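Please consult the sequence and the three-dimensional structure shown below. The briefing is arranged by topic.

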Amino acid sequence: MRLRYLAAAPLVAVAMFGTTAAAWPSSTAAVPQAPPALTASALSDRYTAEARAIKTAERAAIRHRDSQLASALARLARRQVLFFNPNGQGVAAMVIGNLATATRVAILVPGSDTTLATFFSRGPASPGGGAEALAAQARRLDPGERLAVIAWLGYPAPAMLSPGVMTSGDAGQGAQALRQLVTALARHGDRVALLCHSYGSVVCGLAAPHLPVTDIAVFGSPGMDASSVASLDTGARVWAGREADDAVKYVPHIRVFGLGFGADPMSPGFGARIFATGTGGHSGYLDPGSVSLRNLTYIALGDPAAVTR
């Protein structure tokens with residue numbers, strides 16, 4: 001997410017689109033498949049079917065000379081994929097670990113400018129790379145914990161330079177899909193944590209009410225479309241972190257005519273638990289070796305006492 005433009009985005013959106021943009025999502029994507037039964041055999045069947053679908057989409061991308069998308073799909077085809085659909089910007093969820101035996105699940109929810117084509121291309125700032133960094137850190141901190149990590153792109157994330165990036169229309173689509181997945185995991189007995197970056201924190205804020213999760217952590221957040229933790233109607237621990245050099249701190253925390261996402265989750269009045277980060281900027285939260293990755297991993301592991309504040 002290129003933040004050098006973000007502070008000006010509200011004014012641009014108002015000037016170009018008035019108040020109508022907030023009523024509609026900026027784009028449409030396929031609805032993610034419901035998860036299968038979380039058994040070894042059902043998951044194996046799903047992973048095999050999705051791998052075939054991804055290879056078909058990869059061949060289509062090659063025919064259309066879309067090398068970036070083809071490269072991303074080639075890499076995704078080798079992973080465990082819970083759902084995949086290439087229509088529109090595309091949706092996908094990549095799993096690291098064993099969902100059949102996991103007792104904890106961390107779901108990474110990405111922000112704007114994220115598509116299938118960029119699922120890995122930005123390293124740990126991408127859903128795929130971030131999930132890999134988180135899983136590797138978890139193995140170092142607690143090798144015995146049965147944690148699964150899901151890199152979740154289940155909604156059409158808005159483009160950075162679009163009116164949608166300052167409204168909650170796209171986030172609303174994502175929240176519905178996210179609730180479906182979390183509910184299925186919780187029914188299986190998993191304890192779920194949501195780790196929500198940038199615009200993804202708006203998705204998590206809309207999904208939060210009464211959602212069966214233990215933790216919601218937002219980082220680099222422009223807001224959660226909420227005025228406070230209390231207004232989220234959640235029993236989860238709510239965490240917030242922001243790198244010192246993250247330009248998202250300059251985003252106006254407003255909610256006017258459907259534009260903006262309300263209060264700053266980092267503000268004392270919001271009521272979130274503030275976790276330590278560093279100086280890595282808007283894209284550095286999951287960088288290997290960073291303070292923020294370590295703390296987000298402890299949140300994923302359900303160990304709040306180990307999180308540095």
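Predicted model: local features only at pLDDT ≥ 70, side-chain atom pairs only at ≥ 80, totals over all residues.

The protein has 309 residues, of which 55% are buried, and its secondary structure comprises 7 helices and 8 strands.

**Overall composition**

- Among the contacts in the protein with a separation of 6 or more, 70% are made by residues 24 or more positions apart.
- The accessible surface of the protein is about 12200 Å², and carbon and sulfur atoms contribute 55% of this area.

**Helix H3**

- Helix H3 spans residues 67-76, and its buried residues are Ala-70, Ala-72, Leu-73 and Leu-76.
- These residues lie on the same side of H3, because they cover an arc of only 165° around the axis.
- Exposed residues Ser-67 and Ser-71 are found on the face of H3 turned away from its buried side.
- The packing partners of the buried residues of H3 are helix H2 (40-63), strand S1 (80-85) and strand S2 (91-96).

**Ser-292 in helix H7**

- Ser-292 belongs to helix H7, which runs over residues 291-300.
- The relative accessible area of Ser-292 is 1%, and the cut-off for a buried residue is under 20%, so Ser-292 counts as buried.
- Leaving aside residues up to four places away in sequence, Ser-292 touches Glu-243, Ala-276, Thr-277, Gly-284 and Tyr-285.

**Aromatic side chains**

- There are 4 aromatic pairs in the structure.
- One of these pairs is formed by Tyr-155 and Tyr-199, which are stacked with 6.3 Å centre to centre and 15° between the planes.
- This pair links distant parts of the chain, its members being 44 residues apart. Tyr-155 is in the loop between strand S4 (147-153) and helix H5 (169-187), whereas Tyr-199 is in the loop between strand S5 (191-197) and helix H6 (200-207).
- Tyr-155 is buried, with a relative accessible area of 1%, and Tyr-199 is likewise buried at 1% relative accessibility.
- Trp-152 joins Tyr-155 and Tyr-199 in a cluster linked by ring pairs.
- Elsewhere, Arg-273 is positioned over the face of Trp-239, at 5.4 Å from the ring centre.

Conventions. Residues numbered from 1 in each chain as written. Heavy atoms only, no water. Helix = DSSP H or I, 4+ residues; strand = E, 2+ residues; numbered from the N terminus. Buried < 20%, exposed > 50% of the residue type's maximum accessible area, 1.4 Å probe, protein only. Contact = heavy atoms within 4.5 Å. Areas by Shrake-Rupley, 256 points an atom, 1.4 Å probe, with all protein chains shown as cover. Arc of directions from axis to C-beta. Phe/Tyr/Trp six-rings, centres within 6.5 Å; stacked < 30°, edge-to-face > 60°. Lys NZ or Arg CZ within 6 Å of the ring centre and 35° of its normal.
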